[in-house]
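Open your viewer and switch to a cartoon view. We'll go stop by stop, with something to select each time.

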Amino acid sequence: MQSLLSLLMKQTIRVAINGRLYEEDVEPRLLLSHFLRENIGLTGTHVGCVIGECGACSVLLDGKVVKSCLHLAVQADGREVTTVEGLAKNGELNPVQEAFVKNYAFQCGYCTPGMVITSYALLQRNPNPSEEEIRKALAGNLCMCTGYVQIVEAVKEAARGSK
Ligand code: FES
Ligand code: FES
């Protein structure tokens, strides 16, 4: 009974999200994806499968891509999260976001935040990826609409712009 109660008791977490510190009381079972969308109001992080397959919920946790539906909000305590909203600076889109727009790299847009976050992380660690490396990096992000060609083109263009 004691442990069941502890699962329901809220915990206070402090998380830096897109450079701003938040302190929130959350249930230990709350998913990071739901925390971002419902507690913080950052709905750019999409929720699709909730089983770690589609990548729509991808965010950066301490700079690394994670699927936020596979993490609990309490696991982000004391850490830094970057969502797609955090990539634009001073009203200017990030070059990856710009390249997605310019290359028509989305249709319904459901996968796009996850695609953009994963592409951004790829270019942070490898500014000059080959097409194979781009496709490998995006293998955990599924798109139902585009056939991936325009997405890959967008990442290539963002890479060219980052040189
Ligand atoms: S919603 Fe997280 S991987 Fe699909
Ligand atoms: S643009 Fe529709 S799922 Fe990718």
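How many residues of domain 1 are in contact with how many residues of domain 2? Hold that thought for a moment while we set the ground rules.

This is a predicted model, where local features need pLDDT of at least 70 and side-chain atom pairs count only at pLDDT 80 or more, while totals for chains, interfaces and linings use all residues. Residues are numbered from 1 along each chain as its sequence is written, chains are lettered from A and ligands numbered from 1 in the order in which they are written, and side-chain values use heavy atoms, with hydrogens and water left out.

**Stop 1: the two domains**

Colour residues 2-86 as domain 1 and 95-161 as domain 2; these bounds come from an automatic or database domain assignment. Back to the question: 16 residues of domain 1 are in contact with 13 residues of domain 2, where contact means heavy atoms within 4.5 Å. The C-alpha centres of the two domains are 23 Å apart.

**Stop 2: the sheet**

Now look for five strands, which make an open sheet of mixed pairing in the order 2-1-5-3-4. Strands here are DSSP runs of E with at least two residues, helices are runs of H or I with at least four, and both are numbered from the N terminus. Two strands pair if DSSP finds at least two bridges between them. Strands of a sheet pair through backbone hydrogen bonds, either parallel or antiparallel.

Select strand 2 (20-26) and strand 4 (64-67): each has a single partner strand and stands at an edge, so one side of each has no neighbour in the sheet. On average, neighbouring strands of this sheet are turned by 40 degrees against each other, direction ignored.

**Stop 3: the hairpins**

Click on Q11 and you'll find V26 as its bridge partner in strand 2. Strand 1 and strand 2 form a hairpin with two residues between them, and N18 in the turn has a positive phi of about 50 degrees.

A16 is worth a click too: it stands opposite L21 in strand 2, and opposite E80 in strand 5. Strand 1 and strand 5 pair in the parallel sense, over two bridges.

Next, show strand 3 and strand 4, an antiparallel pair with four bridges. V59 stands opposite V66 in strand 4. This hairpin has two residues between its strands, and D62 takes a positive phi near 50 degrees.

**Stop 4: a helix across the strands**

Select helix 2 (residues 32-39). Helix 2 lies across strand 1, strand 2, strand 3 (58-61) and strand 5 (80-82), at about 105 degrees to strand 2. For such angles, axes are lines fitted to C-alpha atoms (for helices over the stretch in contact), and values run from 0 to 180 degrees between N-to-C directions. Helix 4 packs on the sheet as well, touching strand 3, strand 4 and strand 5, and its direction makes about 40 degrees with that of strand 3.

**Stop 5: helix 3 with helix 4**

Which way do these two helices cross? Show helix 3 (residues 95-102) and helix 4 (residues 112-125), which pack at about 130 degrees with axes 9 Å apart. They are therefore oblique to each other (angles under 35 degrees count as roughly parallel, over 145 as roughly antiparallel, 65 to 115 as roughly perpendicular and the rest as oblique). Their crossing is right-handed, meaning that the near helix is turned clockwise from the far one by less than a right angle, with anticlockwise being left-handed.

Show side chains for V96, Q97 and F100 in helix 3, which meet T112, M115, V116, S119, Y120 and L123 in helix 4. By class, this contact has six nonpolar, three polar and no charged residues. (Ala, Val, Leu, Ile, Met, Phe, Trp, Tyr, Cys and Pro count as nonpolar, Asp, Glu, Lys and Arg as charged, and the others, Gly among them, as polar.)

**Stop 6: bring in helix 6**

Finally, select helix 6 (residues 149-161), whose axis comes within 8 Å of that of helix 3, crossing at roughly 135 degrees. Helix 4 and helix 6 pack at about 40 degrees, with axes 11 Å apart. In that contact, M115, S119, L122 and L123 of helix 4 meet I151, V155, A158 and A159 of helix 6.
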